[in-house]
Each structure stands twice: as structure tokens, then as C-alpha cells.
Amino acid sequence: MAYPTVSPITIAGNRQLTGGDDQLLLTMFSGEVLNVFRDKNLMMQKSRVMNVGPGKDFQFPRIGQADTAYHIRGESLLDNSKGYLSEIEHTDTTVAVDKVLLSSLFVDNWDELIKHYETRSEYSYQLGAALARKMDKQLFALAANHALASVGSDFGEAINVSKTDSTLIDKTGVNGTDTAGMQALEDAMVSAASTFAAKDVPMDDVTFFIRPDQYYALQKYGALLNTDFGNAGNGSQANGAIFKGYGFNIEWTNHLPQGAVTPTSPENSDYATARGITALAMERGAIGTVMRQGVQTETDYQVERQGTLLVSKIICGHGVLRPECLATIYDSGITQA
């Protein structure tokens, strides 16, 4: 025997017997606040940071190389026409301190009083994280652009220029994540390592930055994990990690420029690039940051606005110190504007 449908049914969630079944039901706090995952910021720890005093910019003198000559019996070393004396070239690199970079927000008293979960500590963190993320992107654009824009060496004499300019590696297919792309990326890594060696760049603290998709594709297709070639302990597919290749520490980042980067005033115009890149090879001494004031967080309760202003700020500037310690890898056949 079929049972009749029961009607009416008392529904506790109805308001005045109409509307949705859950109008009067409460959304309960789970006890956990889900924060945005932390960005991976690398460049400040992979470059030189120098604390400085008052001044709008800071000079880093550079000294070139001496030359050699064979002595001919009886000739004076002081005879300028004989070319015995080296004239060592001097130049400099200047790094300017940027305007105050800040991140801020305003929290109203009423919002603070009625919410049922804590936000102040996360707000403070996010302000600092915004500064770190911005500077990381600035440093990658600065480093990538030196070779892309053909900035050139700080020196003028041939004996110094050949060893003190950045390197641009244009590799067809290097932007891909298939077998061919990984072979091209590995070839580019070899080119960067050999170029650094040719310029006597120390290989003690060099890093090869790539995108996340290439980092994992390198594990899948690359030979850098092949233990038949002595790569034991260099990571594993099981752990999703690969540590080194041809002397470089391999790191993934989401902050490599993937298109043109155009700073807006009053941001330093040096933090720009006309196109995106695939990878960046760098030794720690390539980039320098002059730190006038580290990250500071300030709070100001404003009675007339009945709320609190939170501000995190930093005063610093970035510049290329040693161009020879930079190699930019890209595929000119791919538009990354």
C-alpha cells in the first residue's frame, strides 16, 4: 500500500512559512580561517642586500684588468710609445634609493567589533607580503632586462667589456614543457654555465630560475635525475623536487616576467622589460639592494574616522652590480609582449 505524502511539514528554517528552507538557520564558524597561500619570494635572498645610511644614491666603483707585454732588451718601461704600462680602466655603478614603497589598509571599528574571527595578524602579514611580492617582481624584471635591452658593460675598453656584460640566450623551443622543450631548457642551462665559466663568474652560489610548470616537467622528462649519470641525491619525482643542474641551484618562481613590464611613476623605470622570458641564470653578486629602512609596520587609531590605519613600508633601491653574473633565456620566436 502506498503511503500518502505528508503535508504540511513544519520547516524550522522558513521565515513566516515562506521562502527558502534555511533562511533562519545560522552559518556557524568552522574555527579555521583560510588564508591565501604564501607567495614564494626569492630574489632578496639570492642577491646582495646592503644596509646604507643617508643619501639618495650609492656608488659602487669598478676596476678593470691590467694588460701584459714582453720586454725588449734595453727599452724603458716608462717609454709610453712602447706600450709597457697598463692603463687600468675605472668605472662605477650607481644604485638609487627609491621612494617609499608601502601597503596600507583601514579597518573600521564596527567591523572589528561584530566579526567573530581574528584578522589583525593576517592583515599585518599580508601588508608585508605585498611589499615582498612587489620587490621580487621588480628584481626579476631588472635582471631580465639587462640583456634583453642590450644595456651593455659598464666598461668601455675591449679587455674589460668581453667579460663584464650580461648574456642573452635565444633558444628555439625553450618555452615548451614537452620532451623537446626540456632538452632545449637543459641546453640553455649548459650555455649559461659555460658562459659564466668563460667570464670567470664564481659558481659557488648560482641559481637557475624557471616557471613551476617547467620545474616539474624537468623532473618528468629531464636527465638531471638519472642516477646512471651520478645524480644520486639530486631530488626525485616521488618528492617533486630537483635541486641542481650543471652547478646551478634550480628554483621555480611565479615572478619571472611573462610579458612586458611597464613601471608607473614614481616607480623606478629600470624595473621594466619589453617582453617576457623563460628562465634566468644568476650569481648572487649580480643584483644589489641598498636598504635605507627595512620593513616597518605602523598603526594609527583615528578618532574622527573611528577606525585604525595600518601601514607597512620599506625604503630601498635595486640595481645591477655585475652584469656578467646574469644570463637571460628566452625564445625570440614566441611572442611574450
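Helix α2 (residues 120–148) lies across β4, β12 and β13 (307–320) and runs at about 20° to β13. Contact here means heavy atoms within 4.5 Å, helices (H or I, at least four residues) and strands (E, at least two) are DSSP runs numbered from the N terminus, and angles run from 0 to 180 degrees between N-to-C directions of axes fitted to C-alpha atoms, for helices over the stretch in contact. What you're looking at is a predicted model, where local features need pLDDT of at least 70 and side-chain atom pairs count only at pLDDT 80 or more, while totals for chains, interfaces and linings use all residues. Residues are numbered from 1 along each chain as its sequence is written, and side-chain values use heavy atoms, with hydrogens and water left out.

Now for the sheet. It is open, with four strands in the order β1-β12-β13-β4 and mixed pairing; two strands pair if DSSP finds at least two bridges between them. β1 (48–51) and β4 (101–108) sit at the edges with a single partner strand each, so one side of each has no neighbour in the sheet. On average, neighbouring strands of this sheet are turned by 25° against each other, direction ignored. β1 pairs with β12 (residues 287–302) in the parallel sense, over four bridges, and valine 49 has threonine 289 as its bridge partner in β12.

Histidine 255 sits in the loop between β10 (248–252) and β11 (279–283). With a relative accessible area of 6%, histidine 255 is buried (under 20%, with exposed over 50% and partly exposed in between, using a 1.4 Å probe and protein chains only). Its side chain makes a polar contact of 2.8 Å with that of aspartate 136; such a contact is a pair of N or O atoms within 3.5 Å, and within protein one must be able to donate a hydrogen and the other to accept it, with residues adjacent in sequence counting only if both atoms are side-chain atoms.

Next, the largest nonpolar core: it has 46 residues, and Phe208, Leu218, Phe248 and Ile287 have the most contacts inside it. A core is a set of buried Ala, Val, Leu, Ile, Met, Phe, Trp, Tyr and Cys residues joined through side-chain atoms within 4.5 Å. Helix α4 supplies the largest share of this core, eight residues. Phenylalanine 248 touches, among others, Met189, Ala192, Ala193 and Phe196.

Methods. Lists of a residue's contacts leave out its neighbours within four places in sequence.
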